[in-house]
Amino acid sequence: MKKVCLFLLAALMLSACGSVPMTGRKQLLLVSDDEVIAASMAQYGEYIKTAPISTDKTKTAMVVRVGQKIAAATEAYLKQNGLESEIANLQWEFNLVKEDDVNAFCMPGGKIVVYEGLLPLVASDDELAVVLGHEVSHAVAKHSNERMSQELLAQYGAAAVGQVLSSKSEEVQNIGNTVFGLGSQLGVMLPYSRKHEYEADLMGLVLMSLAGYDPNAAVTFWQKMSAQGSAQPEIISTHPSDANRISEIERHLPEVQQYRKQ
(Lines give C-alpha, C1' and ligand atoms only; values in the text may rest on other atoms or scores of the structure.)
Protein backbone atom coordinates (compact mmCIF):
# COMPACT_ATOMS: atom_id res chain seq x y z
CA MET A 1 0.00 0.00 0.00
CA LYS A 2 2.87 2.34 0.85
CA LYS A 3 4.37 1.82 -2.63
CA VAL A 4 0.99 2.55 -4.23
CA CYS A 5 0.70 5.83 -2.30
CA LEU A 6 4.22 6.84 -3.25
CA PHE A 7 3.44 6.08 -6.91
CA LEU A 8 0.24 8.14 -6.75
CA LEU A 9 2.07 11.01 -5.10
CA ALA A 10 4.78 10.93 -7.74
CA ALA A 11 2.15 10.92 -10.48
CA LEU A 12 0.39 13.89 -8.90
CA MET A 13 3.65 15.79 -8.60
CA LEU A 14 4.46 15.23 -12.28
CA SER A 15 1.01 16.09 -13.58
CA ALA A 16 0.48 19.18 -11.42
CA CYS A 17 3.89 20.82 -11.35
CA GLY A 18 4.06 24.51 -12.20
CA SER A 19 6.71 27.22 -12.10
CA VAL A 20 6.53 30.61 -10.43
CA PRO A 21 7.06 33.54 -12.85
CA MET A 22 10.34 35.45 -12.28
CA THR A 23 11.79 33.02 -9.72
CA GLY A 24 11.26 29.79 -11.69
CA ARG A 25 10.61 27.85 -8.47
CA LYS A 26 8.74 24.59 -9.04
CA GLN A 27 5.44 24.29 -7.20
CA LEU A 28 2.60 21.80 -6.77
CA LEU A 29 -0.69 23.11 -8.21
CA LEU A 30 -3.36 20.44 -7.86
CA VAL A 31 -6.42 22.69 -8.08
CA SER A 32 -7.48 24.34 -11.33
CA ASP A 33 -7.31 28.13 -11.58
CA ASP A 34 -11.08 28.22 -12.08
CA GLU A 35 -11.73 26.36 -8.84
CA VAL A 36 -9.28 28.45 -6.83
CA ILE A 37 -10.80 31.71 -8.08
CA ALA A 38 -14.36 30.45 -7.58
CA ALA A 39 -13.58 29.48 -3.98
CA SER A 40 -11.88 32.79 -3.23
CA MET A 41 -14.52 34.95 -4.92
CA ALA A 42 -17.28 33.30 -2.91
CA GLN A 43 -15.60 34.46 0.30
CA TYR A 44 -14.45 37.81 -1.05
CA GLY A 45 -17.96 38.60 -2.30
CA GLU A 46 -19.40 38.02 1.16
CA TYR A 47 -16.65 40.02 2.82
CA ILE A 48 -16.81 43.08 0.58
CA LYS A 49 -20.61 43.33 0.97
CA THR A 50 -20.21 44.19 4.66
CA ALA A 51 -16.70 45.67 4.74
CA PRO A 52 -16.55 49.31 5.93
CA ILE A 53 -15.30 50.87 2.70
CA SER A 54 -13.25 54.03 3.31
CA THR A 55 -14.87 57.39 2.60
CA ASP A 56 -11.48 59.13 2.35
CA LYS A 57 -11.36 60.03 -1.34
CA THR A 58 -7.71 61.11 -1.32
CA LYS A 59 -6.40 57.92 0.29
CA THR A 60 -8.67 55.75 -1.82
CA ALA A 61 -7.44 57.46 -4.98
CA MET A 62 -3.85 56.79 -3.89
CA VAL A 63 -4.52 53.05 -3.43
CA VAL A 64 -6.30 52.79 -6.78
CA ARG A 65 -3.64 54.86 -8.60
CA VAL A 66 -0.69 52.83 -7.36
CA GLY A 67 -2.56 49.56 -7.67
CA GLN A 68 -3.53 50.15 -11.29
CA LYS A 69 0.04 51.07 -12.27
CA ILE A 70 1.38 47.87 -10.73
CA ALA A 71 -1.42 45.84 -12.33
CA ALA A 72 -0.54 47.31 -15.75
CA ALA A 73 3.16 46.54 -15.22
CA THR A 74 2.28 43.00 -14.15
CA GLU A 75 0.23 42.35 -17.27
CA ALA A 76 2.96 43.82 -19.48
CA TYR A 77 5.53 41.51 -17.84
CA LEU A 78 3.32 38.45 -18.35
CA LYS A 79 2.78 39.32 -22.04
CA GLN A 80 6.48 39.88 -22.66
CA ASN A 81 7.37 36.53 -21.09
CA GLY A 82 4.90 34.30 -22.91
CA LEU A 83 2.41 34.16 -20.04
CA GLU A 84 -0.39 36.19 -21.59
CA SER A 85 -2.91 33.40 -20.86
CA GLU A 86 -2.47 34.09 -17.14
CA ILE A 87 -3.97 37.57 -17.51
CA ALA A 88 -7.46 36.11 -17.91
CA ASN A 89 -7.26 34.97 -14.26
CA LEU A 90 -6.59 38.51 -13.03
CA GLN A 91 -9.60 40.82 -12.68
CA TRP A 92 -8.10 43.69 -10.69
CA GLU A 93 -9.97 45.50 -7.93
CA PHE A 94 -8.49 47.82 -5.28
CA ASN A 95 -10.38 48.72 -2.12
CA LEU A 96 -9.46 50.79 0.93
CA VAL A 97 -11.25 49.61 4.06
CA LYS A 98 -11.81 51.63 7.22
CA GLU A 99 -10.03 49.37 9.69
CA ASP A 100 -7.29 50.37 12.11
CA ASP A 101 -5.22 47.20 11.72
CA VAL A 102 -1.92 47.49 9.82
CA ASN A 103 -2.89 45.07 7.08
CA ALA A 104 -3.46 44.41 3.38
CA PHE A 105 -4.30 41.28 1.42
CA CYS A 106 -4.82 40.03 -2.12
CA MET A 107 -7.22 37.26 -3.07
CA PRO A 108 -6.60 35.01 -6.09
CA GLY A 109 -7.89 36.81 -9.13
CA GLY A 110 -6.45 40.19 -8.11
CA LYS A 111 -8.93 41.44 -5.51
CA ILE A 112 -6.84 43.65 -3.21
CA VAL A 113 -7.83 45.22 0.10
CA VAL A 114 -5.78 47.76 2.05
CA TYR A 115 -6.65 48.81 5.61
CA GLU A 116 -6.53 52.47 6.56
CA GLY A 117 -4.36 51.52 9.54
CA LEU A 118 -1.52 50.79 7.16
CA LEU A 119 -1.44 54.21 5.51
CA PRO A 120 0.21 56.18 8.36
CA LEU A 121 3.30 54.05 7.64
CA VAL A 122 3.19 54.93 3.94
CA ALA A 123 4.89 58.26 3.22
CA SER A 124 4.75 58.08 -0.59
CA ASP A 125 3.41 56.22 -3.60
CA ASP A 126 6.72 54.36 -3.65
CA GLU A 127 6.17 52.92 -0.17
CA LEU A 128 2.57 51.98 -0.96
CA ALA A 129 3.90 50.26 -4.09
CA VAL A 130 6.02 48.06 -1.80
CA VAL A 131 2.84 46.75 -0.18
CA LEU A 132 0.76 46.42 -3.33
CA GLY A 133 3.61 44.88 -5.34
CA HIS A 134 4.01 42.26 -2.61
CA GLU A 135 0.29 41.46 -2.50
CA VAL A 136 -0.07 41.28 -6.29
CA SER A 137 2.88 38.88 -6.33
CA HIS A 138 1.02 36.40 -4.12
CA ALA A 139 -1.68 36.24 -6.80
CA VAL A 140 0.75 36.03 -9.74
CA ALA A 141 2.75 33.28 -8.01
CA LYS A 142 -0.43 31.32 -7.22
CA HIS A 143 0.59 30.91 -3.61
CA SER A 144 -3.02 30.23 -2.57
CA ASN A 145 -3.30 27.35 -5.03
CA GLU A 146 -0.06 25.97 -3.66
CA ARG A 147 -1.38 26.17 -0.09
CA MET A 148 -4.67 24.54 -1.10
CA SER A 149 -2.75 21.74 -2.83
CA GLN A 150 -0.62 21.15 0.25
CA GLU A 151 -3.73 21.09 2.46
CA LEU A 152 -5.44 18.59 0.15
CA LEU A 153 -2.47 16.23 0.36
CA ALA A 154 -2.21 16.65 4.12
CA GLN A 155 -5.91 15.99 4.75
CA TYR A 156 -6.69 13.29 2.18
CA GLY A 157 -3.37 11.75 1.17
CA ALA A 158 -2.18 10.78 -2.30
CA ALA A 159 -4.63 7.89 -2.57
CA ALA A 160 -7.73 10.04 -2.07
CA VAL A 161 -6.82 13.48 -3.36
CA GLY A 162 -7.31 12.47 -7.00
CA GLN A 163 -10.88 11.39 -6.28
CA VAL A 164 -11.57 14.60 -4.36
CA LEU A 165 -10.39 16.71 -7.28
CA SER A 166 -12.16 14.69 -9.96
CA SER A 167 -15.50 14.84 -8.15
CA LYS A 168 -15.20 18.62 -7.66
CA SER A 169 -16.85 18.06 -4.31
CA GLU A 170 -17.32 20.36 -1.36
CA GLU A 171 -13.90 19.35 -0.04
CA VAL A 172 -12.18 21.78 -2.43
CA GLN A 173 -14.43 24.63 -1.27
CA ASN A 174 -13.79 23.66 2.36
CA ILE A 175 -10.04 23.72 1.78
CA GLY A 176 -10.46 27.18 0.26
CA ASN A 177 -12.36 28.32 3.34
CA THR A 178 -9.43 27.21 5.48
CA VAL A 179 -6.76 28.78 3.29
CA PHE A 180 -8.46 32.12 2.62
CA GLY A 181 -9.73 32.50 6.18
CA LEU A 182 -12.18 35.31 5.43
CA GLY A 183 -15.10 33.32 6.77
CA SER A 184 -13.71 33.02 10.28
CA GLN A 185 -11.33 35.99 10.53
CA LEU A 186 -12.86 39.08 8.99
CA GLY A 187 -10.49 40.41 6.37
CA VAL A 188 -7.47 38.38 7.53
CA MET A 189 -6.11 35.69 5.26
CA LEU A 190 -4.20 32.91 6.95
CA PRO A 191 -0.43 33.49 6.85
CA TYR A 192 1.70 32.43 3.96
CA SER A 193 4.89 30.49 4.63
CA ARG A 194 8.22 32.28 4.95
CA LYS A 195 9.17 30.87 1.55
CA HIS A 196 6.12 32.51 -0.01
CA GLU A 197 6.74 35.78 1.81
CA TYR A 198 10.35 36.06 0.66
CA GLU A 199 9.28 35.17 -2.88
CA ALA A 200 6.51 37.80 -2.87
CA ASP A 201 8.99 40.38 -1.56
CA LEU A 202 11.37 39.74 -4.47
CA MET A 203 8.64 39.63 -7.10
CA GLY A 204 7.05 42.73 -5.61
CA LEU A 205 10.32 44.63 -5.96
CA VAL A 206 10.44 43.70 -9.65
CA LEU A 207 6.81 44.64 -10.31
CA MET A 208 7.02 48.00 -8.51
CA SER A 209 10.23 48.77 -10.40
CA LEU A 210 8.59 47.96 -13.74
CA ALA A 211 5.75 50.29 -12.74
CA GLY A 212 8.25 53.12 -12.25
CA TYR A 213 8.49 53.11 -8.46
CA ASP A 214 11.71 53.18 -6.42
CA PRO A 215 12.42 49.73 -4.90
CA ASN A 216 14.68 51.35 -2.28
CA ALA A 217 11.45 52.43 -0.58
CA ALA A 218 11.03 48.82 0.55
CA VAL A 219 13.83 49.29 3.07
CA THR A 220 12.33 52.41 4.66
CA PHE A 221 8.86 50.89 4.72
CA TRP A 222 9.95 47.70 6.48
CA GLN A 223 12.08 49.69 8.89
CA LYS A 224 8.92 51.55 9.91
CA MET A 225 7.05 48.27 10.20
CA SER A 226 9.83 46.92 12.38
CA ALA A 227 9.57 49.96 14.66
CA GLN A 228 5.98 48.93 15.47
CA GLY A 229 7.56 46.39 17.79
CA SER A 230 4.83 43.74 17.80
CA ALA A 231 6.46 41.10 15.60
CA GLN A 232 6.94 37.56 16.88
CA PRO A 233 10.40 35.96 16.83
CA GLU A 234 10.93 34.46 13.36
CA ILE A 235 11.43 30.97 14.78
CA ILE A 236 7.75 30.83 15.87
CA SER A 237 6.30 32.85 13.01
CA THR A 238 5.41 31.95 9.44
CA HIS A 239 6.56 35.41 8.35
CA PRO A 240 10.23 36.41 8.11
CA SER A 241 11.53 38.64 10.88
CA ASP A 242 11.72 42.29 9.86
CA ALA A 243 15.52 42.24 10.14
CA ASN A 244 15.87 39.20 7.86
CA ARG A 245 13.30 40.58 5.44
CA ILE A 246 15.17 43.89 5.15
CA SER A 247 18.47 42.07 4.72
CA GLU A 248 17.05 39.99 1.84
CA ILE A 249 15.54 43.06 0.21
CA GLU A 250 18.86 44.92 0.37
CA ARG A 251 20.60 41.90 -1.14
CA HIS A 252 18.27 41.93 -4.16
CA LEU A 253 18.14 45.70 -4.75
CA PRO A 254 21.13 45.86 -7.17
CA GLU A 255 19.63 43.25 -9.51
CA VAL A 256 16.15 44.80 -9.27
CA GLN A 257 17.35 48.24 -10.42
CA GLN A 258 17.66 46.98 -14.00
CA TYR A 259 13.89 46.57 -14.20
CA ARG A 260 13.33 50.19 -13.22
CA LYS A 261 15.50 51.28 -16.14
CA GLN A 262 13.24 49.29 -18.47
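Start at K142, in the loop between helix 4 (125-140) and helix 5 (143-167). This is a predicted model.

**Stop 1**

Check the backbone of K142 first. Its phi is positive, about 55 degrees, although K142 is not a glycine. Is K142 buried or exposed? K142 counts as buried because its relative accessibility is 18%, and the cut-off for buried is under 20%.

E86 has 22% relative accessibility, so E86 counts as partly exposed.

**Stop 2: the loop between strand 1 and strand 2**

Move to M22. Look for it in the loop between strand 1 (17-19) and strand 2 (26-28). M22 is another residue other than glycine with a positive phi, here near 75 degrees. M22 is partly exposed, at a relative accessible area of 28%.

Stay in this loop and select R25, then E199. Their side chains meet in a salt bridge, 2.8 Å from N to O. Where does each partner lie? R25 is in the loop between strand 1 and strand 2, while E199 belongs to helix 7 (residues 194-210). They are 174 residues apart, so the pair links distant parts of the chain. R25 counts as buried, at 19% relative accessibility. E199 counts as buried too, at 7%.

**Stop 3: a pair within one helix**

Go to helix 9 (residues 242-261) and select R251 and E248. Their side chains meet in a salt bridge, with 2.9 Å from N to O. Why is the separation about one helical turn? Because R251 and E248 are three residues apart in helix 9. R251 counts as exposed, with 52% relative accessibility. E248 counts as partly exposed, with 25%.

**Stop 4: the network**

Salt bridges that share partners join R25, E146 and E199 into one network. Side chains of opposite charge can pair when their charged atoms come close.

**Last view: the whole structure**

Zoom out. How many salt bridges does a search of the whole structure find? The search finds 13.

Definitions and conventions:
Residues are numbered from 1 along each chain as its sequence is written. This is a predicted model: local features need pLDDT of at least 70, side-chain atom pairs count only at pLDDT 80 or more; totals for chains, interfaces and linings use all residues. Side-chain values use heavy atoms; hydrogens and water are left out. Helices (H or I, at least four residues) and strands (E, at least two) are DSSP runs, numbered from the N terminus. Buried means under 20% relative accessible area, exposed over 50%, partly exposed in between (1.4 Å probe, protein chains only). A salt bridge is a side-chain nitrogen of Lys or Arg within 4 Å of a carboxyl oxygen of Asp or Glu.
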